[in-house]
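The tour below goes stop by stop.

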Amino acid sequence: MDRNNAGVTVYSAPTVIPINPPTHPSAPGFYDSGLLPEGPYQVQKAIFGAKDYRSKWYSVVLTEGSHTLQELIEDYDPDAYTPAVVNAVATLRDETRTARDEAAQILEDVTAGAVPDSAVASKITAEGSASRAAVDARVAAGTTGFLTQEVAEETYAPRVGGVFFVGEHGLVGDWAGGDANSGSGTNDTAALTDLIAAVPDGSTIVFDATKTYRLDPLSITGKSLTLDFNGARVVTKTMDSGDLSVASPFISWSSTVGPEVDLSSSGFARGATEVITNPFSGSNGFSTDDLVIVRDRYPVARWDTGANASWVGRGEVNIVQSITPSTGTVRLRIPLSHQYQANFSVVPTLQRISTPVRPVVKNIGLIIDTNPDGMYTGDIETSGGHLFYFYACVDPRVENVRAEGWENHIVNFNKCLRPRTIDIEGRNPFQTGSGHGYIGRMTHCVDGEFTRSVAYGTRHVANYVASARCGSRSCRSYRPAGVSYQTHGLRSRDIYSVDDTVVGGDSSGWSHGNTTYAGDYGYRILRPRYYGTNNGVLARCGSTGTRIIDPEIHTTAKGVEVSSLASDVIVDLTQGTIEIFGEAGTSYAVHAADVNGSGEYKPGSVTVHGPGDLVGTRALVSLDVTGAARIGGVEYDQGDDQLQRWDGTDWAEVESGGAAGVTLDTDQTITGAKSMAEVGFFGTSALGTKPSATDDLGTVLSSLGLRTAGGAYPITTSGAVALTGGFRTGLGNRSGTYNITTNTAPFNMCDASGGAFTISLPNTGSAGYRFTIKKIDASANAVTVSAPIGIDGVPTLVLTDQWEWVEVVSTFTTGQYMIVGRG
């Protein structure tokens, strides 16, 4: 309310009580508890609930005499305000006046030496009475008057957030002409900083949609706010080209946290629900339902050399269920997502989030950073040229923001619970080298998601460092400068990508693991869509648990590449398609092998499920692994070369009618794959013609590579043997001394016409070997049959007549035989 004095606005409020106070006492929103003299006034509807809240002023002329502001409101427009608000203000006014009048009377009586009457005295002594509060305030202040401005603000200020419009608090928003170096206008940083400090926790700060605000980096700690830019533009400067090692995020927002408390050096397994403080007394700093940060500094060993490559460690936000101080036990509501280990003397720690904040930034029509003309060289985990950086926050959210040019990350979440971005668009970052040009990154976060991000020319859309249960959904990446969706090889777990897309560019779409670091654990990629000239999906560097489900991949390279010790990979093509353009010899639909070529880093188990569609003459499934390689139910649309074999030095295609085939090593299986006319095993050249029904089985098996070539074909069976055709056994002619073995033909025809000789039976303890020995000549020369132990109790048998024979069988006693036939 302003008084219009001959065209000059004059404000006078001897005693004011705020309804929703702005920072300056002469701004609209204060309630005047005094009387107003006659004259012309301007009234603005500044109470919440007005029909046209703060949209315009109205002129009112007060008639002769003194008036209260309440009378002015009621006379002017009684229907425009919410009765509950007006009545509450009127009641507050009346109580304040009564307290003031009573207190004044008391002091006058005391000054005159009079004893206050009993009614007044009772009010002074009544606990919580307005009179007592007024006297206490008077005594504490030590000045005349009983309700100062400060006392009124402290007493009646709202305790929950309200809505504050920056235009009423000194922000101008007149920046024009370019970025922070080339443009001109008002720098609104100081005014916004003051406003953030003044508003209560939980407030919403609203910007003017039509303006452009020049704002330097801001830091907010321990306060939950919503910054609604309402479509406004922002120009900022996170770095100076004079020192590329220094940068500050446009907005750095954090909860207040307590000290880190050491935990047991023994560490804690993934899935544990208890941690132990060291000393035990450290648990006293925690209470039920506290939000806490669990972390370690255990290094990441590089996947190939084993050398330490990163000390980022592992971390997560959890919730305390209970504590037992006597044992230092802190129980957690959620099983630990990671294993936590001591790095020599550096033990895992537990840290309380003292004042959790829930920040929201939304509706920035366009944010423009100022190009430092160089790459940031400092730490991106705790600072950096990010647009938004959140530390230890709960439900932090960045929504509906468009960025054009930035240094490191549009959004960086560090140790946050349930972080989320929604509808973030980023175009043309200043740099796309390591650590630069990301849309979003989550470090040590749990249960976060990037939703509907759109990226043009960025390095990563979604990136994860030692995070758990986080992912991306319905994001799009155009002409990327790096892998669009990446677990960073720093031990993230249970990451997901759902309905994400990559279009254009020469970078891969998804990567599980990182060649600079190591592997990650569990990446479920559901319905990925890739249209480019590189590999659609990479599983590598010791990562495990990659699941690629119903992909739609169109590329000139590889649909899926599994390499460098990755294992437990499943490619489910049930409703998927992989199309390979061109005929480059390095292109495959699914390729599992040591792509480095040394053979030292072959992947483990790989499974390819169908049906699905593999389109193109190079849509090959090629698996050379140390574990099980399984292919089932895959459908092909053309050609006979969708499977390959490893011939010992190179991959060879499977082609109908040719000499090549599929080689299955001892650690590989292929089931339900496309039928093949050429098959070979264990490195043997594949048969080009199917064996006939009368070919020798032993020869066929040798030709296939399923047995070593040779003349012995032993068969052992415990079941019945039924022979419906002819039966043929081996027959040997003997004309001199001969030692029978267990592999010798069972029938031995002996011709002793040249002289007598001996047939010796084998020294075996295996029962059931049957041998027949028969003398076929008419000479008087004898044929002697001997056994190591004997035959039916005698050491030898002698055959003297032509056609005389004996049949013996081995027993369970080594070297001993018995006669089963003689004639």
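Accessible area here comes from the Shrake-Rupley method with a 1.4 Å probe. On that basis, the chain exposes about 35,900 Å². Carbon and sulfur atoms supply 51% of this area. Keep in mind that this is a predicted model.

**Whole chain**

Start with everything shown. The chain has 823 residues, and 48% of them count as buried. Colour by secondary structure next. You will find seven helices and 64 strands. How much of the contact set links residues 24 or more positions apart? Among contacts with a separation of 6 or more, such pairs account for 61%.

**The largest nonpolar core**

Select I205, F207, F388 and F390. These residues have the most contacts inside the largest nonpolar core, which has 80 residues. Which helix gives the most to this core? Helix α6, residues 189–198, does, with four residues. In soluble globular proteins, nonpolar side chains tend to be buried together.

Now centre on I205. Ignore its neighbours within four places in sequence. I205 then touches F164, V166, L192, L195, I196 and V199, among others. Its contacts also include L225, T226, L227 and D228.

Another core lies apart from the largest one. Select I740, I759, V806 and V808 to see part of it. This second set has 17 residues.

**V465 in strand β32**

Select residues 460–465. This is strand β32, and V465 is found in it. Is V465 buried or exposed? V465 counts as buried because its relative accessible area is 0%, and the cut-off for buried is under 20%.

Show the surroundings of V465, leaving out neighbours within four places in sequence. Its contacts are V312, R441, M442, T443, H444, H488, L490 and S492. Then draw a distance from V465 to D520. These two are 55 residues apart along the chain, and their C-alpha atoms are separated by 9.4 Å.

**The second largest pocket**

What is the make-up of the lining of the second largest pocket? Six residues are nonpolar, 14 are polar and five are charged.

**Backbone stops**

Go to P279. It sits in the loop between β17 (274–276) and β18 (291–295). The peptide bond from N278 to P279 is cis, with omega near 10°.

Next, select N400 in strand β26, residues 397–404. N400 is not a glycine, yet its phi is positive, about 55°. N400 counts as partly exposed because its relative accessibility is 41%.

Move on to D423 in strand β28, residues 420–427. D423 is not a glycine either, and it has a positive phi of about 55°. Its relative accessible area is 29%, so D423 is partly exposed.

**Last stop: helix α7**

Select residues 697–704. This is helix α7, and its buried residues are G698, V700, S702 and L704. Step on to G705, which follows α7. The phi of G705 is positive, near 90°.

Definitions and conventions: Residues numbered from 1 in each chain as written. Predicted model: local features only at pLDDT ≥ 70, side-chain atom pairs only at ≥ 80, totals over all residues. Heavy atoms only, no water. Buried < 20%, exposed > 50% of the residue type's maximum accessible area, 1.4 Å probe, protein only. Helix = DSSP H or I, 4+ residues; strand = E, 2+ residues; numbered from the N terminus. Nonpolar A, V, L, I, M, F, W, Y, C, P; charged D, E, K, R; others polar. Contact = heavy atoms within 4.5 Å. Core = buried A, V, L, I, M, F, W, Y, C linked by side-chain atoms within 4.5 Å.
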